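Welcome, and thanks for taking a look at this one with us. Please have the viewer open, and we will walk through some local features together.

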Amino acid sequence: GLAFVLGSLLTRGIIKPINKIIHISRKFSSGDFSHKILLDSKDEIQELGDTLNMMADSLEDKIKKVEIKNQQLKAILESMVEGIIVTDKSGHIISLNPTVEKIFNILKQDAEGKLFLEIIPNNDIADIINYVLKNGKFKSCEISLVWPVHRYLEINAAPIFEKDSISGCLLVIHDITEIRRLETMRRDFVANVSHELKTPLTSIKGFVETLLEGALLDKENSRHFLQIIQSHANRLDNLVNDLLDLSHLESQEIKLEKEKVNLKALTDDILASFRSQFKKKAIQVSNDLNRDVFIIANKEKIDQVLTNLIDNAIKFNQEKGSIKIYSQDLDDKIKIFVEDSGIGIPEKDIPRIFERFYRVDKARSRELGGTGLGLSIVKHIVELHGGSVGVESTEGFSSKFWFILPK
């Protein structure tokens, strides 16, 4: 009986701290490290409790470091302008970032766990993923995306290894649409400048050679030849001046000296300078701007904007047509319209109408003496004032150019 009592007391003294260790260890396993194993004994059980406490502190520290790294990685992925897609070895999407959501118009929660082709039906990208998963080699290429919108993408795909075996694929997607668009614009610009310079230079060279070969002595024709040379020289001068103006505006180095400008008074002065052209084509003009509307702007530059728009409205108007200038109040801004009853602009040309040298009717524009830079200059001047430009047009009927400026 004495042995039984002593055995029970001894067992209870051992089981109680062990149960405490088991209870706190379960807390550790669930991720709760706020509890500690505290024992009063000085034996091996106390040493086991202290070891478990040290292990818990170490685990908590490592988990915190992993969480910090995960947050940093998440912040990096979400802030990247490149699209990131991670797939497993079977081609199922594990993760993607917000850039991919924007490019392909998809949602992350709908994509994760599904096959790539189920979410993004693009065989070119799917073939790249399959190549990387099969061969374990890096692959890079450029593709043209048609759906959901037309884009140019540069795809870089790399395998993900786990213990020397391929466990997935990492796709890095660069949207190079804007780069390709700018390259196209640059090529067009170089070609257009070359063409614009070559035409008058060829004419000048031809007439000079004609004069040197003896036509200079022909008083009747020599004067006519010189007038043609002068006309082409003036065209070259206008082109170079417009290019310099545009380059100056695009450099963003220009400092605008602003003043209080009455739009109606400024427009009246500009219209007066076009009086002979209005009379020649029998165009009716109405300036419906409010006399009380003022803007703080560079008067010379806004004069240039209105002059270019009114000049275009005359050139591309019909005989006995009309031009109407009016405004719309937008609280702290004003929207000015220059509307004509001219030939209008095809819908396909409207998005590019403010590009340098872009012409809807190239032959007619050159015939009328345009350099193709006027609307581009208008756009840059207005944006330099913190405004915006646009056009509404119906082919064959009318065009309505507008620009918005702060009051």
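Does Asp164 count as buried or exposed? Asp164 counts as exposed, because its relative accessibility is 79%, above the 50% cut-off. Please keep in mind as you read on that this is a predicted model.

**Positive phi angles**

- Most residues other than glycine have a negative phi.
- Asp164 is not a glycine, yet its phi is positive, near 70°. You will find Asp164 in the loop between strand 4 (151-162) and strand 5 (165-175).
- Lys320 is another non-glycine residue with a positive phi, here about 60°. Its place is the loop between helix 11 (299-315) and strand 9 (322-330).
- Lys320 has a relative accessible area of 70%, so it is classed as exposed.

**Helix 7**

- Helix 7 covers residues 177-212, which makes 36 residues.
- The buried residues in helix 7 include Met185, Asn192, Val193 and Glu196. Pro200, Ile204 and Leu211 are buried in this helix too.
- In an α-helix there are 3.6 residues a turn, so residues three or four places apart point the same way.
- Ala191 also belongs to helix 7. With a relative accessible area of 46%, Ala191 is partly exposed, because that value falls between the 20% and 50% cut-offs.
- Ala191 and Asn105 are 86 residues apart along the chain, and 36 Å separates their C-alpha atoms.

**Aromatic pairs**

- How many aromatic pairs does a search of the whole structure find? The search finds three, and two of them are described here.
- Phe274 and Phe278 form a tilted pair, with 6.3 Å from centre to centre and 50° between the planes.
- Both partners are under the 20% cut-off for burial: Phe274 counts as buried at 6% relative accessibility, and Phe278 counts as buried at 8%.
- Phe354 and Phe401 make an edge-to-face pair, because their planes lie at 85°, over the 60 degrees that this class needs. Their ring centres are 6.1 Å apart.
- This second pair links distant parts of the chain, as Phe354 and Phe401 are 47 residues apart. Phe354 sits in the loop between strand 10 (333-340) and helix 12 (362-367), while Phe401 is in strand 12 (residues 398-406).
- Phe354 is buried at 14% relative accessibility, and Phe401 is buried with a relative accessible area of 10%.

**Lysines over rings**

- Lys260 lies over the face of Phe294, at 4.8 Å from the ring centre.
- Lys324 is placed over the face of Tyr326, and here the distance to the ring centre is 5.0 Å.

**A nonpolar surface patch**

- Which residues make the nonpolar surface patch of about 570 Å²? Leu2, Phe4, Val5, Leu6 and Leu9 do.
- Leu9 is part of helix 1 (residues 2-29). At a relative accessible area of 53%, Leu9 is exposed.

Notes
Residues numbered from 1 in each chain as written. Predicted model: local features only at pLDDT ≥ 70, side-chain atom pairs only at ≥ 80, totals over all residues. Heavy atoms only, no water. Patch = residues over 30% accessible without salt bridge, like charges linked within 9 Å, V, L, I, M, F, W, Y side chains within 5 Å. Areas by Shrake-Rupley, 256 points an atom, 1.4 Å probe, with all protein chains shown as cover. Salt bridge = Lys/Arg side-chain N within 4 Å of Asp/Glu carboxyl O. Helix = DSSP H or I, 4+ residues; strand = E, 2+ residues; numbered from the N terminus. Buried < 20%, exposed > 50% of the residue type's maximum accessible area, 1.4 Å probe, protein only. Phe/Tyr/Trp six-rings, centres within 6.5 Å; stacked < 30°, edge-to-face > 60°. Lys NZ or Arg CZ within 6 Å of the ring centre and 35° of its normal. Expected span 1.5 Å × (residues − 1).
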